[in-house]
Amino acid sequence: MGLAELILKNVDFSYGKNKVLQDINIVLEKGVTALLGPNGAGKTTLINIIMALYKPDRGEVIYDNHNVRKLKESYYDYIGYLPQMPQFYKNFTAAQFLEYMGTLKGIEKKELKNKINELLILVNLRDERNKKIGAFSGGMRQRLGIAQALLNDPHILILDEPTAGLDPAAADSVLELFDRLHRSGHTLVLITHDERAAQCAARRMHLENGCL
């Protein structure tokens with residue numbers, strides 16, 4: 001499959017009698033889409049539906065003209081995901097963590113070594129490759145989390161609250177990384193309650209200037 005659209009078509013979802021999502025229609029194309037909403041608005045539920053972890057009550061998620069639930073495990077070859085609170089092994093170095101995650105994803109050893117080197121450069125952690133994650137700042141951890149989400153060369157990268165809890169400088173560093181990923185042709189889905197982060201991402205991707 002190539003870099004195809006991800007389409008949410010007429011998606012409804014409820015927890016019992018509590019309707020969380022109603023008639024969601026979105027086309028996610030190459031570039032950046034920011035889904036902005038307050039806490040409790042159903043953003044995480046929407047992610048779980050996009051990831052085919054939840055089945056919608058109505059509607060479907062379509063990738064490359066296929067219902068993602070019918071694609072089953074092969075769908076995850078095209079998806080990279082950074083959760084809101086990524087979990088790390090604090091005693092692992094950055095390189096060890098990526099090697100471990102890459103092995104879990106079934107990446108061959110020789111390919112994985114090259115991929116780790118490329119990603120550590122991309123996320124500006126090359127000089128920290130042998131530093132233990134327990135000593136990383138919040139921004140460094142987020143960038144490492146993005147690196148692990150990119151290990152399988154995903155077409156679509158889903159980022160859940162990627163700037164939450166970061167100071168402005170660290171958040172801008174992460175958003176600058178999104179700009180580079182956007183320019184390389186990825187489809188990025190930014191899920192956030194932070195209006196500043198969404199506006200800043202829009203400025204970076206479309207107006208190519210800094211953030212206030």
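Strand S4 (residues 58-63) and strand S5 pair in the antiparallel sense, over two bridges. The model is a predicted one. Both strands belong to an open sheet of four strands, and the nonpolar residues of the model include a core of 34 residues and a second, separate core of 26.

**The sheet**

- The strand order in the open sheet is S2-S1-S4-S5, with antiparallel pairing.
- Strands of a sheet pair through backbone hydrogen bonds, in either a parallel or an antiparallel sense.
- Strand S2 (18-28) and strand S5 (66-67) are the edge strands; each has a single partner strand, so one side of each has no neighbour in the sheet.
- Where S4 and S5 pair, Tyr-63 stands opposite His-66 in S5.

**The helix across the sheet**

- Helix H1 (residues 43-50) lies across strands S1 (6-15), S2 and S4.
- The direction of H1 is at about 125° to that of S1.

**The largest nonpolar core**

- Within this core of 34 residues, Leu-98, Leu-144, Ile-146, Leu-157 and Phe-178 have the most contacts.
- Two or more residues each come from helices H3 (94-104), H4 (109-122), H5 (138-149) and H6 (168-183), and from strands S7 (156-160) and S8 (187-192).
- Helix H6 contributes the most, with seven residues.
- Leaving aside residues up to four places away in sequence, Leu-144 touches Phe-88, Ala-94, Phe-97, Leu-98, Leu-125, Ile-133 and Phe-136.

**The second core**

- A separate core of 26 residues includes Leu-28, Leu-46, Ile-50 and Tyr-78.

Methods:
Residues numbered from 1 in each chain as written. Predicted model: local features only at pLDDT ≥ 70, side-chain atom pairs only at ≥ 80, totals over all residues. Heavy atoms only, no water. Pairing = 2+ DSSP bridges. Contact = heavy atoms within 4.5 Å. Axes fitted to C-alpha atoms, helices over the stretch in contact; angles between N-to-C directions. Core = buried A, V, L, I, M, F, W, Y, C linked by side-chain atoms within 4.5 Å. Buried < 20%, exposed > 50% of the residue type's maximum accessible area, 1.4 Å probe, protein only.
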